[in-house]
Structure formats: structure tokens, C-alpha cells
Amino acid sequence: MKLWKTILAAAVLTLAGSQAFAARTDLVIGITLEPPHLDPTAGAAAAIDEVLYANVFEGLTRIGPNGEVLPDLAESWAISDDGKVYTFKLHTGVKFHDGSDFDAGDVKFSLDRARADNSVNAQKALFASIDTVEVVDPTTVKVTLKNPQGSFLYNLGWGDAVIVAPESADTNKEKPIGTGPFKFQSWAKGSSITLVKSDTYWGAPVFLDKAEFRIVPDAAAAVPALLSGDIQAFPFFDPDSVAQVKDDPRFKVVIGSTEGETILAINNKKPPFDKLEVRQAIAFALDRKAIIDGASAGLGVPIGSHMSPASKAYVDLTGLYPHNVDKAKELLKQAGLENGFKAMLKLPPPSYARLGGEIIASQLRDVGIDLEIIPVEWAQWLDQVFTKKDYDLTIVSHTEPNDIDIYSRKDYYFNYDNPAFDKIIAELNLTSDDAKRNTLLGEAQKILADDAVVGFLYELPKVGVWDAKLQGLWENAPIQANDLTKVKWTD
């Protein structure tokens with residue numbers, strides 16, 4: 001009897017010990033913005049990819065944590081000598097979360113859908129160079145381009161290029177079905193989005209069984225949520241709140257880089273902003289250091305054109321428009337606006353926009369430009385500013401990677417039109433040599449700076465704060481993502 005009690009006690013202790021030392025498999029992540037819907041192929045909001053990219057949806061390629069192109073649903077590819085034909089070999093045994101099989105037909109459907117005349121893809125231009133998509137066999141797809149495109153494999157790694165199934169494409173906004181390591185479980189509107197581990201995932205299994213993306217729009221609520229343990233990670237944390245947690249050993253504070261060019265966007269065709277002198281006056285009126293200190297806790301890196309300082313193609317043009325109130329006033333006088341003018345500044349919800357807007361309004365007031373500040377929600381911003389171009393000025397971070405080509409798009413909300421710039425972008429699309437591409441990108445940056453197309457402010461820093469026992473979250477943000485495929489708890 002005593003022997004059985006001893007054995008039972010030992011068994012209980014062993015079980016208790018294994019439970020005590022087993023690593024956690026759940027995670028609650030704080031995000032600032034709620035996605036408008038859950039389909040990366042049908043919306044421009046970064047919040048969509050922050051939840052779903054690499055977790056629920058996958059593409060032929062994917063972007064890694066250092067901005068590198070990696071194979072994903074395509075295990076390999078071959079490129080023709082003329083650079084126009086890409087033949088992709090697909091992984092076998094891949095299934096969508098509804099149990100349907102993934103094959104070459106889904107790739108053709110997704111790419112044809114993204115580039116169709118009636119496409120609602122926010123980055124439709126990514127697919128403009130595609131001429132044909134052919135199914136060679138169930139595991140082989142041949143994509144023929146109209147012309148060589150050096151960035152084609154990179155473009156296929158965007159969230160906008162993920163592969164979806166024809167059976168579920170129309171319902172992905174509310175019930176996303178992909179091929180990734182996590183599947184969608186639920187969406188409590190205004191509160192959280194929950195993903196759970198997919199038991200049928202084709203690739204390396206993930207460590208987490210469950211990940212909840214908790215929506216915390218109020219920066220002031222983030223710190224208490226961390227301190228209480230309700231939320232264990234904020235991959236994109238408010239820079240102004242870092243001081244409250246940076247000395248707490250329970251947390252890691254990780255400051256990395258992003259692809260987020262933070263700009264004072266200008267409606268280039270709306271008077272008086274259609275005058276170069278007015279846009280240049282705004283550029284001289286902006287004091288980047290004061291804006292960075294006030295809206296980015298001093299962590300942003302100043303920029304003078306649309307390129308991340310982390311890029312090999314970056315050209316430092318911040319000295320082109322040093323803060324100079326007198327020069328700004330002189331340019332306004334040259335434009336016939338010596339008495340100044342009034343304009344609207346529409347500000348989306350992020351703190352960098354709302355705080356930066358107050359600072360910029362004060363700076364422009366010093367040169368005679370009186371701004372009416374209009375706060376808008378993201379849905380309003382996407383409708384009024386991004387789609388209908390109903391705005392004078394706005395502040396936003398363009399977090400899409402390597403997206404300088406947006407200034408060549410004729411229907412883009414900047415309303416910018418410069419044939420010389422367009423010619424450089426067209427040549428860039430035909431160029432695969434890295435050195436030549438960097439030269440062209442430098443020329444493109446210079447044109448945008450000279451034209452003062454927008455007010456170039458700073459590169460948005462990626463400030464992450466998470467539990468010290470968490471591993472695998474990205475330090476940098478080369479793409480809009482919270483990739484959980486390598487995230488795990490340590491003892």
C-alpha cells in the first residue's frame with residue numbers, strides 16, 4: 001500500500017512538474033488598428049496584413065524578416081534567359097483551411113483575379129507586367145511577362161499577392177481561408193481577431209496553438225495591458241510610452257526599422273498646391289526635428305524623399321529643404337500668396353498623424369498657411385482621401401515596401417504627374433541589374449524631392465515591446481506583418 005502511494009505521489013509530482021515547465025502555446029498580441037476586413041487582396045489597410053500575412057495567407061514567395069525573398073507555396077522557380085518567363089514548381093500536399101486542395105489552378109485564378117479589369121486589389125499595379133498565366137500541370141505554373149521585371153519575385157511576396165481559392169475568394173473579407181499555419185477562428189468586431197493552429201498545415205509546424213490579436217486603439221491603454229499580463233506583445237508600440245516599460249526586466253524593448261515613409265501628403269492638382277512654389281514653401285516650413293521629437297519620441301529617421309534609409313538605394317536629400325521660415329514666406333510671395341491661405345488637414349487615427357498634425361499646423365501657421373485640422377477614422381480616410389482624393393493635406397505612413405512607383409500611378413491620391421519620373425519608373429521595371437536599379441532609384445528620389453511632391457518627414461520606427469520570454473517576433477518591418485511562424489515561449 002505504501003509502495004502504491006509512493007508511486008502515485010511520484011506520478012503526480014512528475015505531471016505537475018511537466019505542466020509547470022511546459023512552454024506556453026497561446027499569445028495575445030496588441031494591435032492599434034482594427035482591419036476594415038480580412039482579405040489582403042482587396043484592401044490597402046496595413047492592419048489586414050498585420051494579422052493575416054504569413055499566418056493565414058501565403059503567396060508563391062514571401063518576404064523574410066530582413067527583406068529577403070524566400071520561397072513559399074512555390075518550392076522553386078526557373079527564369080528564362082530573356083527574363084520574361086517564370087516557371088514555378090509548387091509544393092504538393094497543400095490544403096486550404098476548408099479542406100480543399102491547393103494546386104496550380106488556384107495560382108492562375110489568384111493572379112488573373114488580381115490583374116483583371118474589375119480587380120479591387122489595392123496594389124493592382126504589381127501585376128501589370130503579367131501577360132499570361134498558364135497551368136502546365138497541377139504542380140507547375142508558367143507566368144509570362146510582357147517585359148522583364150527585376151522586382152517580380154519580390155512583388156509576389158506582398159500581401160496583395162497571396163493565393164486564394166475561387167471557392168472562398170468572395171467571402172475572405174469576413175471568413176478568410178488560406179493555406180497558412182494558422183486558420184481563422186473568430187472576429188469579435190471592435191475587440192479581437194483569433195487565429196488557431198492549423199492541423200493540416202503543409203510546412204514546418206508552428207509553436208503556438210492560439211494567437212489573439214487584441215485591438216487597442218488607445219495608446220494609454222497599452223501599458224496597463226502589458227503590465228497586467230493581459231497582452232504579452234505589442235509589435236508596433238507607441239514610442240511615447242516606451243519610457244514606462246523600458247527598465248522593466250519582464251519586457252524586451254526592440255527598436256527596428258520599417259518601410260514606413262511618413263509624409264505630409266499633398267493634393268498636387270488642387271490649387272494652390274498645384275504651384276511648385278507653394279509645395280516648396282511647405283517643405284521649407286517643416287522642421288523635421290521638432291516633428292520627430294513630438295510625434296515619434298525622437299526615434300524617427302529624417303528623410304528627404306520616398307525611400308527608407310535602410311535601403312541600399314537610399315540617397316540623403318534631407319538637406320534640400322532645411323527649415324527656413326523666411327525662404328518659405330518668399331516662395332509664397334512668388335506664388336502670389338504673400339497674405340497666406342487656408343487649407344484642410346485630414347488626420348487618420350495613428351498618434352504619429354494626430355500629434356504630427358498639431359506640430360505641422362503650428363509650423364505652417366508661422367509662414368501664413370492656416371490649417372483646419374479634421375480628424376477622420378480609417379474608413380473615412382480610405383474613402384475621402386485615398387479613393388476620392390477629397391483633401392488638401394494629410395499625414396500618413398506608407399508602409400508598403402519599395403513603393404516609390406506609387407508616384408507614377410495616374411489615379412493615385414497625390415494627383416502627381418511628371419513624365420520624366422514616369423520614364424525612370426518604366427526603365428526601372430525593365431531592369432534587373434542591382435547597380436543600375438539603385439542608380440535609377442536615386443534619380444527618382446531626386447525628382448520627387450525637387451518637385452516637393454509631398455512633405456517628406458521621417459521613416460517610421462518599429463518600436464516593439466513584448467514579454468522577455470517570447471522569441472521569434474520580427475525586430476524590423478520590411479513588410480506589413482506580424483509573422484508568427486517562428487514565435488515561441490521560452491522557459
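## Ground rules

Two strands count as paired if DSSP finds at least two bridges between them. The strands themselves (E, at least two residues) and the helices (H or I, at least four) are DSSP runs, numbered from the N terminus. What you're looking at is a predicted model, where local features need pLDDT of at least 70 and side-chain atom pairs count only at pLDDT 80 or more, while totals for chains, interfaces and linings use all residues. Residues are numbered from 1 along each chain as its sequence is written, and side-chain values use heavy atoms, with hydrogens and water left out.

Strands of a sheet pair through backbone hydrogen bonds, either parallel or antiparallel. Let's start with an open sheet of 4 strands in the order 4-5-7-6, with antiparallel pairing. Its edges are strand 4 (74-79) and strand 6, each pairing on one side only. Neighbouring strands here are turned by 20 degrees against each other on average, direction ignored; angles like this run from 0 to 180 degrees between N-to-C directions, and axes are lines fitted to C-alpha atoms, for helices over the stretch in contact.

Now walk across the sheet. Strand 4 and strand 5 are antiparallel and joined by 5 bridges, with Ser 76 opposite Lys 89 of strand 5. Their hairpin has 5 residues between the strands, and in it Gly 83 takes a positive phi near 75 degrees. Strand 5 (residues 85-90) also pairs with strand 7, antiparallel again, over 5 bridges; there, Lys 89 faces Thr 140 of strand 7. Strand 7 (residues 140-145) in turn has 6 bridges to strand 6 (residues 130-137), also antiparallel. Ile 130 has Leu 145 in strand 7 as its bridge partner, and 2 residues sit between strand 6 and strand 7 in their hairpin.

Which strands does helix 3 lie across? Helix 3 (residues 104-115) lies across strand 5, strand 6 and strand 7, and runs at about 170 degrees to strand 6.

Another open sheet has 6 strands in the order 14-18-13-17-15-16, and its pairing is mixed. At the edges you'll find strand 14 (301-302) and strand 16 (369-375), each pairing on one side only. Inside the sheet, strand 13 (residues 261-266) and strand 18 (residues 455-459) run antiparallel and share 4 bridges.

## Two helices side by side

Two packed helices are described by the angle between their axes and the distance between the axes. For helix 6 (residues 276-285) and helix 8 (residues 325-334), that's about 170 degrees, with the axes 8 Å apart. Helix 6 is therefore roughly antiparallel to helix 8, a label for angles over 145 degrees.

Contact means heavy atoms within 4.5 Å. On the helix 6 side, the residues making contact include Val 278, Ala 281 and Phe 284, while helix 8 brings residues including Ala 328, Leu 331 and Leu 332. By class, this contact has 7 nonpolar, 2 polar and 2 charged residues. Here Ala, Val, Leu, Ile, Met, Phe, Trp, Tyr, Cys and Pro count as nonpolar, Asp, Glu, Lys and Arg as charged, and the others, Gly among them, as polar.

On a 1 Å grid over the protein atoms alone, a cavity is a set of points where a 1.4 Å probe fits but cannot get out; a pocket is an open set with protein on both sides within 12 Å along at least five of seven lines, and lining residues have an atom within 4 Å of a point. Grid points are joined across faces, edges and corners, and a volume is the space filled by probe spheres set on the points.

The second largest pocket has a volume of about 950 Å³. Its lining has 49 residues, with Leu 33, Glu 50, Pro 350, Tyr 352 and Leu 460 nearest the centre. Helix 10 gives the largest share of that lining, 4 residues. As for cavities, the whole structure has 4 of 30 Å³ or more, and the largest cavity has a volume of about 110 Å³. Among the 15 residues lining the largest cavity, Asp 49, Trp 158, Asp 160, Glu 400 and Gln 480 are the closest to its centre.

The peptide bond from Pro 271 to Pro 272 is cis, with omega near 0 degrees, and Pro 272 sits in the loop between strand 13 and helix 6. Ala 54 isn't glycine, yet its phi is positive, near 70 degrees. You'll find Ala 54 in the loop between helix 2 and strand 2 (61-63).

Key:
Parallel < 35°, antiparallel > 145°, perpendicular 65-115°, else oblique.
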